[in-house]
Amino acid sequence: MIRFGPSGNSQIFYDEGNKSSLEAPKWCAEHGLTAYEYSFGRMFNMSHESAKKLGEEAEKNGVLVSVHAPYYINLANPSDEAFQKSIGYILTSLSYLVDFKGNQCVFHPGSCGQETRNVAFERALSRMDKLLEAVYLAGYGNLYICPETMGKSQQLGSVKEIVELCKFDKCLIPTLDFGHINAVTGGTLKTADDYRKILDYVYNELGEFKAKNLHIHFSKIEYTSKGEVKHLTLDDTVYGPEFEPLAVVLKEMALEPTIISESKEKMMEDAIKLKNIYEFVGGK
Ligand SMILES: [Zn+2]
């Protein structure tokens, strides 16, 4: 089934008297949402004991929790020691994902640094074997690791690069961040056709299962010629992209992704809006 949910908690969640993320699954369920993303972007700031409680709350409320791994992961870092640390961050993220009873872990593949894009990407590709070996050895081969399409031109993670990375193993599924894709390509996502091209490409390259079970991030994002500047809310009318044409294509292709709202400060409200748009647009 298709799922909608927020990345983290909006101010409204706290204004209504909620104190911690342990209460987020109940809030989501009460508002018709069935997904929730917990971000360890800057640090691992939760005990495993709390994480298990969150997992129980999620299960009780029919909410599937995903994890966002730390932002400082970089599979293209020339230093092998730094790469080993990146593996560690992914394994730790997966250990929390098990506590949460979820199955999708998002991560940013890395950046070009001082090198050409080609050199950096080839290094990231060449390290996939080691990363996967560590994942399987740790017993996490039943989870999904979801490299994300990125929004800045110096970051690795074009649609094509993410698809190439995901060819390595069955446990790799793309995170398509359509705000990022729109930002880094200077606003090319406008019509249903623009979205269809990307989803058809993923379907043809990676097959039906991965296309049907995509992880999706959606938010409007301000950008310049270098790509992403900052996340906006769905109220923005300048930068886009719009969700309606994507909703049409998701229905048309019968895809059932988890869609996470990363709107600035209003991720909970906007996750509900995305769900309402999806239910309202044409199709079955
Ligand atoms: Zn991300």
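In α11, E244, A247, L250 and K251 meet I277, Y278 and E279 of α12. By class, this contact of α11 with α12 comprises 4 nonpolar and 3 charged residues, with no polar ones. The model is a predicted one.

**Helices α11 and α12**

- Helix α11 spans residues 244–252 and helix α12 spans residues 267–280.
- The angle at which α11 and α12 pack is about 55 degrees, and their axes lie 9 Å apart.
- Angles from 65 to 115 degrees count as roughly perpendicular and those under 35 degrees as roughly parallel; α11 and α12 are therefore oblique to each other.
- The crossing in which α11 passes α12 is right-handed.

**Helices α4 and α6**

- On the α4 side the contact is formed by F83, I87, I90, L91 and L94, and on the α6 side by K130, L131, A134 and V135.
- The residues in the contact of α4 with α6 divide into 8 nonpolar and 1 charged, with no polar ones.
- As α4 passes α6, the crossing is right-handed.

- From its side chain, T175 reaches the backbone oxygen of C146 at 3.0 Å.
- C146 is also among the residues that T175 touches once those up to four places away in sequence are set aside; the others are V106, P147, E148, T149, H215 and H217.

- G227 counts as buried because its relative accessibility is 1%.
- With neighbours within four places in sequence left aside, G227 is in contact with G151, K152, A183, V184 and E222.
- G227 and M150 are 77 residues apart along the chain, and 9.2 Å separates their C-alpha atoms.

How values were computed: Residues numbered from 1 in each chain as written. Predicted model: local features only at pLDDT ≥ 70, side-chain atom pairs only at ≥ 80, totals over all residues. Heavy atoms only, no water. Axes fitted to C-alpha atoms, helices over the stretch in contact; angles between N-to-C directions. Helix = DSSP H or I, 4+ residues; strand = E, 2+ residues; numbered from the N terminus. Parallel < 35°, antiparallel > 145°, perpendicular 65-115°, else oblique. Left-handed = near helix turned anticlockwise from the far one by under 90°. Contact = heavy atoms within 4.5 Å. Nonpolar A, V, L, I, M, F, W, Y, C, P; charged D, E, K, R; others polar. Polar contact = N/O pair within 3.5 Å; in protein donor to acceptor, adjacent residues only side chain to side chain. Buried < 20%, exposed > 50% of the residue type's maximum accessible area, 1.4 Å probe, protein only.
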